[in-house]
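Thanks for asking me to look this over. Here are my notes, written so that you can follow along with the model on screen.

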Amino acid sequence: MRASFLKALAAAAALAAPLPAIAEPVPAGAYLAARQAQYQSDFLSAARFYTRALAHDPGNRQLMEAATVAYLALGQVDRAAPVARRLTGGDGATQVANMALIAHYGAAENYERVLDLVGEGRGVGILVDGLVQGWAEVGRGDIDAAVAAFDAMGEERGLMGFALYHKALALASAGDFAGAEAIYSSEVAGAMQMTRRGVIARIEVLSQLGRNDDAIALLEESFGADLDPELRGLRARLEAGETLPFHLRGARDGLAEVFYTIAGALRGEANDDFTLLYTRVAGHLRPGHVDAVLMAAELLEDLGQYELATEAYKSVPRDHPSHQAAEIGRAQALRQAGKPDAAIEVLEQLTGRYGDYPAVHSALGDMLRALERYDAAAEAYDRAIALYDGAPSDAAWFLYYARGIAHERLDEWPAAEADFRQALELNPDQPQVLNYLGYSLVEKQEKLEEALEMIERAVEARPDSGYIVDSLGWALYRLGRYEEAVGHMERAAELLPVDPIVNDHLGDVYWAVGRRTEARFQWNRALSFDPEPEEAERIRRKLEVGLDAVLAEEGAEPLAVAGDDAR
């Protein structure tokens, strides 16, 4: 039921997000520039141009809504609220405008006004409104009314999990930790589908109840032994016998949690630009809500707004446990913004501050590998692997896999193969490793039967991965099993229709079974998809003289193929 509700919520979000074309006369330049900026998710330019258009047509409701969206996307609730107030003054108040006003009055802790908005039907939607009502009652000091509001909302189809989660948070924020734990340990607690943040809340509740051992057990059960800085700090404090404070300090924090909760539910279900509004409201209601900041930054990255994402990541304080994660995100955003040297500098500085965390060195290695600086990448992975010192970790297999890729690109095959095999020792059925090692062996014409078995296992795990299916077809081709290879290569081309390597491989397989006209067609397709220069030159040569002649020129044996069937 929760899944169906989220689909309905996402559908409502999709309807709310687009802005209609404006029929009323406004300055054409400002309006067109604003629309283009909005289309590109350039919220800063959209806000500027919509504001300019509003100066010429201050009563235009569509312009007001567009400006409100842009301001909220920037996290500028104080600029969005006055526009939203004008927008809701007449008929047809909008979801986005109501959201801006709830954020404005909630931040001012004017809970009576928040309740008025919801009571007048000027809310955001059934889920948000029910949770907002409960927290506004907490703000008024009426915990019984808050519990009643959460209980009433929980009776709605698909909403029990949200209601229980926020009811437990509200009770804990009011000091009723026993009541909160009774919800967490109840038979219906499974409806909450606890997130990381929810698990941490329960850990704090257990600590407040003097149950640090239970809190440690829950932490280890939920997150394993390989903990990030925040979780490592929590465990150290619990082991020292410290009583953890509860992270929600009152109704305003609770309201922020409402919007953050919905943002998490919407993510992947609704448009990123609409989900972003919820994260921004959460951050406004609770300045320093780092999880909301990080989600906003990730959404901005997905929207291609790398400068805004960098700015968001950079706002995480250096002394916050999530500073490490924020800096890794900032480095990635800088690289995507075309600033690779700045990205590397961020990560190198991070290794100085968090040098005992493998994830930091791994992130630096990943960045260097993406930039094709394989020597330096391998050294970064060396440091990350050394920090594990044989200790079991779910992440260790990836370090060997990534270092293996670096060695393979450096033409250090023995070291690469050893790393790939070590990765498989740690994670025997990992399809990425099976595929990479298997494909590499095929390309080197080594251990072909073992390579085929590895790739077949990878395909079984990931049957819809075009790259892995391509590897299977290519392995069969290398083994001379051309007819068997055809179906797999055609399937790979269906899954990755514009990949130059896959189309080139399909051409070779067609040639091998005598379908030479189709082979040339696929090689021409491969050329149209911008292959690497060396590959493009080889494909052109195949089109000129055929695959057998190219193989002979390269010192390889020509294929034993059937005649041209002209298909």
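1. **What we are looking at.** This is a predicted model, in which local features need pLDDT of at least 70 and side-chain atom pairs count only at pLDDT 80 or more, while totals for chains, interfaces and linings use all residues. Residues are numbered from 1 along each chain as its sequence is written, and side-chain values use heavy atoms, with hydrogens and water left out.

2. **Overall fold.** The protein has 32 helices and zero strands. Here helices (H or I, at least four residues) and strands (E, at least two) are DSSP runs, numbered from the N terminus. The C-alpha trace spans about 85 × 65 × 45 Å along its principal axes. Of the 567 residues, 52% count as buried. Buried means under 20% relative accessible area, exposed means over 50%, and partly exposed lies in between (1.4 Å probe, protein chains only).

3. The model has 38 salt bridges, each being a side-chain nitrogen of Lys or Arg within 4 Å of a carboxyl oxygen of Asp or Glu. One of them joins arginine 197 to glutamate 257, with the closest N and O atoms 2.6 Å apart. This pair links distant parts of the chain, as arginine 197 sits in helix α12 (residues 196-208) and glutamate 257 in helix α15 (residues 251-266), 60 residues apart. Arginine 197 counts as buried because its relative accessibility is 15%; glutamate 257, at 0%, is buried too.

4. Arginine 403 forms a salt bridge with aspartate 382, and their closest N and O atoms are 2.7 Å apart. Again the pair links distant parts of the chain: arginine 403 belongs to helix α23 (residues 396-409) and aspartate 382 to helix α22 (residues 374-388), 21 residues apart. Arginine 403 is buried, with a relative accessible area of 15%, whereas aspartate 382 is partly exposed at 34%.

5. Glutamate 417 and arginine 421 form a salt bridge with closest N and O atoms 3.0 Å apart. Why are these two separated by about one helical turn? They are four residues apart in helix α24 (residues 413-426), so about one turn lies between them. Glutamate 417 is buried, with 10% relative accessible area, and arginine 421 is partly exposed, with 27%. Both belong to a network of salt bridges that links Glu417, Arg421, Lys447 and Glu450.

6. Most residues other than glycine have a negative phi. Lysine 447, a member of the network above, has a positive phi of about 45 degrees although it is not a glycine. Lysine 447 lies in the loop between α25 (431-443) and α26 (448-461) and is partly exposed, with a relative accessible area of 43%. Serine 41, also not a glycine, has a positive phi of about 60 degrees. Its place is the loop between α2 (28-39) and α3 (43-56), and serine 41 is buried at 8%.

7. **A buried arginine without a salt bridge.** What does arginine 280 reach with its side chain? Arginine 280, in helix α16 (residues 272-285), is buried yet has no salt bridge, and the nearest side chain of opposite charge, glutamate 311, is 6.2 Å away. Its side chain reaches the backbone oxygen of alanine 73 at 2.8 Å.

8. **A buried histidine.** Histidine 361 is found in helix α21 (residues 358-370) and counts as buried, at 6% relative accessibility. A polar contact of 3.5 Å joins the side chains of histidine 361 and arginine 383. Such a contact is a pair of N or O atoms within 3.5 Å; within protein, one must be able to donate a hydrogen and the other to accept it, and residues adjacent in sequence count only if both atoms are side-chain atoms.

9. **An acidic surface patch.** Glu372, Asp530, Glu532, Glu534, Glu535 and Glu537 gather in a patch of negative charge on the surface. Patch residues have over 30% relative accessible area and no salt bridge, and like charges are joined within 9 Å. Aspartate 530 lies in the loop between α30 (516-528) and α31 (533-545), and counts as exposed because its relative accessibility is 66%.

Terms used. Patch = residues over 30% accessible without salt bridge, like charges linked within 9 Å, V, L, I, M, F, W, Y side chains within 5 Å. Areas by Shrake-Rupley, 256 points an atom, 1.4 Å probe, with all protein chains shown as cover. Lys, Arg positive; Asp, Glu negative; His and termini not counted. Charge placed at Lys NZ, Arg CZ, Asp CG, Glu CD.
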